[in-house]
Every structure is written in C-alpha cells, then in structure tokens.
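Student: Could we go through the helix packing and the aromatic pairs here, one question at a time?

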Amino acid sequence: MSLFRMALILGLLSAVGPFAIDMYLPAMPALAASLGVTETAAQLTLTSYFVAFGLAQLIYGPWSDQAGRKRPLFAGLAIFIIGSAMAALAPTIGALVAARAVQGIGGAVLMVVPRAVIRDSATGTDGTKMMAMVMLVISVSPMLAPLAGSGLIQLGDWRLIFWVLCGTAVAAALITGFALPETLAPAERQKIHFGSLLASAKVLLTDPVFMGLTFIGGFGMASFFVFIASASFVYVDQFGLTPTGFSLAFAINAVGFFAASQAAAPLGERVGIVRLMRWGVMGFAGFAVALLALVLAGFVSLPLIVAGLFLANACLGLVIPTTMVMALDPHPRIAGLASSLGGTLQMVAGGVMIALTGLFFDGTALPMVAAIALCAVLALALALMTLGRVARVQPV
C-alpha cells in the first residue's frame with residue numbers, strides 16, 4: 001500500500017477524535033444554558049474527555065504492541081460508540097461529563113494506533129511526510145466539524161451532534177475492517193509482561209530527549225486545547241458571533257496550524273529538523289507573548305485575537321508533527337508504548353491547562369490568551385534544554 005493511501009486511511013480514522021471535540025463547540029453556550037450550568041462546568045466536558053483520552057492511551061499502546069494494531073482499534077471504536085450514545089441521552093451535566101470520559105477512553109485508540117502504524121511503515125523524513133499527510137486529512141475537521149455542528153443545532157439540539165458521532169464511529173470501524181492492513185507482523189509483536197512494561201516505561205521516562213520532545217509538543221497541544229475550551233464563549237459572548245460565525249473564526253485559527261504542518265517535512269529536509277523546530281517554538285512563543293502584551297494594554301478586538309492566534313498556531317504546525325515523529329524514532333521496538341505514553345502525558349497536560357484556565361475564566365479573551373502564552377513560554381524553555389541533545393544525532 002502506498003504511503004499516500006495509508007496516510008489517507010489513518011487521517012480519516014484520526015479525524016474521529018477531533019470531530020468529537022470540534023463538532024459540539026458551537027453548541028457549548030447552548031448546552032450550558034440547556035443544562036442550567038456555568039461556562040466552567042460546561043468546560044469540564046472537555047476536561048473529562050481529554051484526561052480519559054490521555055490515560056486510556058497507556059492501555060492501547062502496549063496492547064497494540066502485543067495483539068497487533070487492528071484489534072485495539074475495533075475495541076476502542078465500540079467504546080466510543082457507547083460513550084456517544086450515553087452523551088446524547090445524558091440528563092445532567094454530571095452524566096454528560098461521565099459520558100464524555102467514556103467517549104475519551106474509546107477515542108484514545110485513534111490517537112495511539114495510527115501513530116504506531118506510521119512508525120511501522122516509515123521513519124525519519126518519510127515518517128514526518130506521512131504524519132503531515134495524516135494531519136492534512138485531520139485538518140478538515142477544525143474547519144468542517146464546527147460548521148457541521150452549527151448546522152446540526154439548527155436541525156435539532158446539541159444531543160443530535162452525539163448521535164451523528166455514533167454514526168461516524170461506525171463508519172470508522174468499517175474503514176478499519178475493510179481498508180486498513182495489519183502493519184505489525186506476528187514475529188514483531190511483544191508480549192505484555194508487567195516487569196518489562198515498567199522497564200520500558202522507565203527507559204522512556206528517563207530519556208531526556210523523549211520527555212523533552214513530548215512536552216514541547218504537549219504544551220503546544222495544551223495551548224490549542226485551551227483555545228478549544230474557551231473560544232466559543234469568548235467569540236460568542238464577548239464578540240457577539242453567531243454559532244456559524246464562531247465556526248468560521250475557529251476555522252481561520254485552525255487552518256494556520258494545519259497549513260504549516262504540511263510544510264514541516266520539506267522545510268525539515270531543507271534546513272534541518274532541529275533548526276526547524278527551534279524556529280517554530282521561538283515563533284510560537286514570540287507571537288503568543290506579543291498577543292498577551294497587546295491584550296493587557298487594552299487592544300482587544302476580534303481581528304487582533306484571530307490574527308495573533310493564526311500566527312502562533314502556524315508556528316505550532318512546524319513543531320508538533322516533527323516532535324511526534326522524532327520522539328518515537330529511537331524506540332522502534334516499543335513504538336506503541338512510546339506513542340501511548342507520549343500521548344498520555346500530552347493529553348493530561350492539556351486537560352490540566354483547561355482546568356487551570358477555567359479557574360480564572362470570565363468569558364473574556366484575557367484568561368485564554370494568558371494561558372496560551374504560558375504554554376508557549378514553557379515549550380520554549382523545554383526546547384532550549386532539549387534541542388541541543390537532539391542536535392548531536394540529527395542534522396541542524
């Protein structure tokens with residue numbers, strides 16, 4: 001199978017998780033009103049999803065190393081379908097938060113296994129190209145999912161969105177069954193032994209390059225998660241956008257990230273992967289801190305927020321696909337565990353940042369922009385400590 005076709009299939013599978021996040025964002029203000037809860041309580045539906053999504057990856061990674069890549073995919077999709085139905089029927093915010101956690105447990109497989117399949121199929125620059133192609137397919141979701149969600153709430157209410165997600169997961173299961181080959185040969189599978197699992201985890205957790213790259217990408221992703229959790233309230237409540245208007249503004253912010261991600265592989269070949277990451281992290285931090293300074297100075301407008309986040313997210317697009325591939329490259333025999341552990345650390349970091357932002361969130365842009373700037377500064381500090389080590393084994 002060609003890398004392009006494999007990337008297309010993996011992209012379609014990987015897009016289910018982002019759809020579960022992005023499709024109901026336009027409905028979050030209406031959801032909060034419908035259930036009679038605050039904005040912070042509504043944001044907990046994202047926090048529970050992200051934390052469950054992150055922790056469940058610890059299961060799917062080792063399981064996929066032992067059983068192959070497809071069996072965990074089927075199990076995770078079945079759990080995702082159950083969680084989506086629970087969310088559609090949830091009578092209270094507590095039930096919805098729990099349902100979103102179940103959904104996150106199932107959806108986690110769509111983060112772990114596709115990355116492990118990429119590692120099975122390609123490494124180095126080819127792996128970055130494949131990851132970028134996957135992200136190109138995923139990039140459709142931040143543009144189409146909110147628009148689809150805003151259209152669905154015109155036909156029904158926020159519960160209809162979760163029924164549609166059930167159908168999407170069924171389609172993903174069919175794609176897995178009929179179009180995705182098994183990429184991990186039986187001879188290459190690793191039996192799960194608790195002792196060896198702990199030993200492998202220790203190798204990863206004590207590898208400063210793996211941990212540094214994981215959290216550079218992790219704080220970058222956390223900034224995007226903060227934006228996801230806060231943007232609907234900021235754009236709708238502070239700036240008065242309709243759900244459709246919010247969807248369009250959200251798409252503009254997201255497209256910068258995914259457009260830049262497509263340039264990561266060719267730029268990495270031209271200037272060196274380490275240098276590219278260094279430029280990307282510095283740009284991310286520079287634009288995020290500059291936006292925060294302008295907001296603190298009183299320059300708060302929708303065009304400024306959209307433009308500043310577009311530029312910051314474009315820089316992130318150069319960083320995240322590259323850190324994902326480079327963190328896994330030195331660990332081919334435990335790629336599933338490395339993918340799951342890295343994903344867990346990143347998603348939990350994102351969930352924690354959403355929760356922390358929620359403590360200060362007041363419906364305005366300032367807490368959102370401040371949290372994004374904090375993530376950017378932390379990513380830059382880690383890059384300064386980590387990329388020198390990577391440069392010893394990678395071209396700069």
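Predicted model: local features only at pLDDT ≥ 70, side-chain atom pairs only at ≥ 80, totals over all residues.

Student: Which residues of H6 meet H4, and what is the make-up of the contact by class?

Tutor: From H4 the contact includes Ala 41, Leu 44, Tyr 49, Phe 53 and Tyr 60. In H6 they meet a set made up of Ile 93, Leu 96, Val 97, Arg 100, Ala 101, Gln 103, Gly 104, Ile 105, Gly 106 and Gly 107. By class, the contact of H4 with H6 has 14 nonpolar, six polar and one charged residues.

Student: How is H4 placed relative to H7, roughly parallel or oblique?

Tutor: Helix H4 (residues 39-67) and helix H7 (residues 109-121) have axes that come within 8 Å and cross at roughly 40°. Angles under 35 degrees would count as roughly parallel. The crossing angle is roughly 40°, so H4 is, relative to H7, oblique.

Student: What is the handedness of that crossing, and which residues of H7 make the contact?

Tutor: H4 passes H7 in a right-handed crossing. On the H4 side the contact is made by Phe 53, Gln 57, Tyr 60, Gly 61 and Ser 64. On the H7 side the residues are Val 109, Met 111, Val 112, Val 113 and Arg 115.

Student: How many aromatic pairs are there, and what kind of pair do Tyr 60 and Trp 63 form?

Tutor: Counting rings whose centres lie within 6.5 Å, there are 14 aromatic pairs. Tyr 60 and Trp 63 have ring centres 6.4 Å apart, with 20° between the planes. Planes under 30 degrees apart count as stacked, so the pair of Tyr 60 and Trp 63 is stacked.

Student: Where do Tyr 60 and Trp 63 lie, and is Trp 63 buried or partly exposed?

Tutor: Both lie in helix H4, three residues apart, about one turn of the helix. Tyr 60 has a relative accessible area of 4%, so Tyr 60 is buried. Trp 63 has a relative accessible area of 26%, so Trp 63 is partly exposed.

Student: What kind of pair do Phe 246 and Phe 250 form, stacked or tilted?

Tutor: Phe 246 and Phe 250 both lie in helix H13 (residues 243-271), four residues apart. Their ring centres are 5.7 Å apart and their planes stand at 50°, so the pair is tilted.

Student: Are Phe 246 and Phe 250 buried or exposed, and which residues form a cluster with them?

Tutor: Phe 246 has a relative accessible area of 0% and is buried. Phe 250, at 0% relative accessibility, also counts as buried. Ring pairs link both into a cluster with Phe 224, Phe 227, Tyr 235 and Phe 239.

Student: Which residues is Thr 344 in contact with, leaving aside its neighbours within four places in sequence?

Tutor: Thr 344 sits in helix H16 (residues 335-360). At 5% relative accessibility, Thr 344 counts as buried. Its contacts, with those neighbours left aside, are Gly 54, Leu 55, Gln 57 and Leu 58.

Definitions and conventions: Residues numbered from 1 in each chain as written. Heavy atoms only, no water. Axes fitted to C-alpha atoms, helices over the stretch in contact; angles between N-to-C directions. Helix = DSSP H or I, 4+ residues; strand = E, 2+ residues; numbered from the N terminus. Parallel < 35°, antiparallel > 145°, perpendicular 65-115°, else oblique. Left-handed = near helix turned anticlockwise from the far one by under 90°. Contact = heavy atoms within 4.5 Å. Phe/Tyr/Trp six-rings, centres within 6.5 Å; stacked < 30°, edge-to-face > 60°. Buried < 20%, exposed > 50% of the residue type's maximum accessible area, 1.4 Å probe, protein only. Nonpolar A, V, L, I, M, F, W, Y, C, P; charged D, E, K, R; others polar.
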